Structure formats: C-alpha cells, structure tokens
Amino acid sequence: MYIIAGLGNPTRDYENTRHNIGFMAIDALAEKYDIRVNECKHKALIGKGTINGNKVVLVKPLTYMNLSGEAIRAVVDYYKVDETLQLLVIYDDTSLNIGQLRIRKKGSSGGHNGIKNIIAQLGHDSFHRIKVGVGEKPKGYDLVDYVLGHFSKEELAIMQDSLVKVDGAVNLMLEGKVDAAMNEYNKKITEDAAP
C-alpha cells in the first residue's frame, strides 16, 4: 500500500491557488483512477483505491498547510506503512519554473512550511516527494500573497499538462522505479519552452 498526499489548504477560497497544486494533483489522480476522496478521517479527506494494480490511499490534509504533518503522521500510523518507502508527498515549489517537476527521495523542507511540519512530525526527512513548480515570485511580491494567489488562465493550462506528468511519475514510483521517475521527469523546463 502507498500513501499519496497532496498538500494544500481546504475551503473554496484556496481552490486553484499556487499553494494548492498538491490538492489539484490528488483530484486529478482521483478522477483518472475513479477513487472517491470523500472520507473525513485522520484530519484529512482520504480515498482508497488502486492505481494500475497498486493499492493507494489518496490524502488531502484538512489541517491547513502549515500543520500538514499532523494529518500525514496520523495516516501513516493508522495504515502502518514504512514512510521512507510508501509515502509520497506532492506539493508546490516556487524555485522551479511553472509546470516543472522535481522528484526527490528525501531532503530538507526548502523553506516550505508544509514539508517542514511533516519532517517535524515524522522525525526525519526520508520520504518521497514530487515538487511541482509554480514559478518564482515576482520582485516586490510578498511570498505568502504569491503562493496564495490564483493561477492565470495560461498558467492553469501549463499546470494541467504538468498534472499529466505527475500521473506518469506516480506510476513509476508505485512500481519502485523512483530513479527512473527522476531521470524521466527531473528535466528543466525553460520559460521559452513552456506553452
């Protein structure tokens, strides 16, 4: 069994914001694989199903971003998984160009408060993650305002393509092919190449 958690903030106010790309990824996976993410347990919305024969629990923490670790810890404990191998966290990254993916097996929070809290709750930073680029904040912008801002129409189109890549990466990672996923999807997208 694999736990796939997408980070974001609950309530309509935060829909389609940069900080909620993790929720958008979970919604896309849920739709494609017909998994209903509607059970409220462990401080999260969860849904159980299969992705190409692999049992998964899709998770959207309801704790708000900065306390994401509380929900992740509860889900990991309940399903008794080895979080170094069976937990995958999807979230936004402002240091990557819009739509670019970066897959990691472990690492620091990189200043992301949701990841910081997960590391604090788990007591280590060895869990798989897919970072989805939402672009660097423009000069003079407050970071919080930027990540809580909504995608433009053009950016949303790029993000939809990006979510297809997230699906491909997730499938490789569920097969234990994390290195292959890194080789395939950790490619730099230049601003010019973006549609």
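N52 lies in the loop between β3 and β4, where strands (E, at least two residues) and helices (H or I, at least four residues) are DSSP runs numbered from the N terminus. This is a predicted model, in which local features need pLDDT of at least 70 and side-chain atom pairs count only at pLDDT 80 or more, while totals for chains, interfaces and linings use all residues. Residues are numbered from 1 along each chain as its sequence is written, and side-chain values use heavy atoms, with hydrogens and water left out.

**Loop residues with positive phi**

- The phi of N52 is near 50 degrees, which is a positive value in a residue other than glycine.
- N52 is exposed, with a relative accessible area of 54%, where exposed means over 50%, buried means under 20%, and partly exposed covers the values in between (1.4 Å probe, protein chains only).
- H42, found in the loop between β2 (39–41) and β3 (44–51), also has a positive phi, near 55 degrees, and is a residue other than glycine.
- H42, however, is buried, with a relative accessible area of 18%.

**The nonpolar cores**

- A nonpolar core is a set of buried Ala, Val, Leu, Ile, Met, Phe, Trp, Tyr and Cys residues joined through side-chain atoms within 4.5 Å.
- The largest such core has 34 residues, and among these I4, L58, I90, I130, V166 and V170 touch the most other members.
- Elements that each supply at least two residues of this core include β1 (2–6), α1 (21–32), β4 (54–61), β5 (87–93), β7 (128–133), α6 (153–174) and α7 (178–185).
- Of the elements, α6 gives the most to this core, with 8 residues.
- Leaving aside residues up to four places away in sequence, L58 touches I4, I26, L29, A30, I35, V37, L45, I46 and G47, where contact means heavy atoms within 4.5 Å.

**Helices α6 and α7**

- The axes of α6 and α7 come within 7 Å and cross at roughly 155 degrees; axes are lines fitted to C-alpha atoms, for helices over the stretch in contact, and angles run from 0 to 180 degrees between N-to-C directions.
- The two helices α6 and α7 are therefore roughly antiparallel to each other, since angles over 145 degrees count as roughly antiparallel, under 35 as roughly parallel, 65 to 115 as roughly perpendicular and the rest as oblique.
- On the α6 side the contact is made by K165, G168, A169, L172 and M173, and on the α7 side by V178, A180, A181, E184 and Y185.
- The residues of this contact of α6 with α7 divide into 7 nonpolar, 1 polar and 2 charged, where Ala, Val, Leu, Ile, Met, Phe, Trp, Tyr, Cys and Pro count as nonpolar, Asp, Glu, Lys and Arg as charged, and the others, Gly among them, as polar.

**Helix α4 and its neighbours**

- In helix α4 (residues 113–122), the residues G114, I115, N117, I118, I119 and L122 are buried, and the buried residues of α4 pack against α2 (68–79), α3 (83–86), β5 and β7.
- α2 and α4 pack at an angle of about 45 degrees, with their axes 7 Å apart, and that angle makes α2 oblique to α4.
- This contact is made by S68, G69, E70, I72 and R73 of α2 and by G114, N117, I118, Q121 and L122 of α4.
- By class, the contact of α2 with α4 has 3 nonpolar, 5 polar and 2 charged residues.
- Just after α4, G123 takes a positive phi of about 85 degrees.
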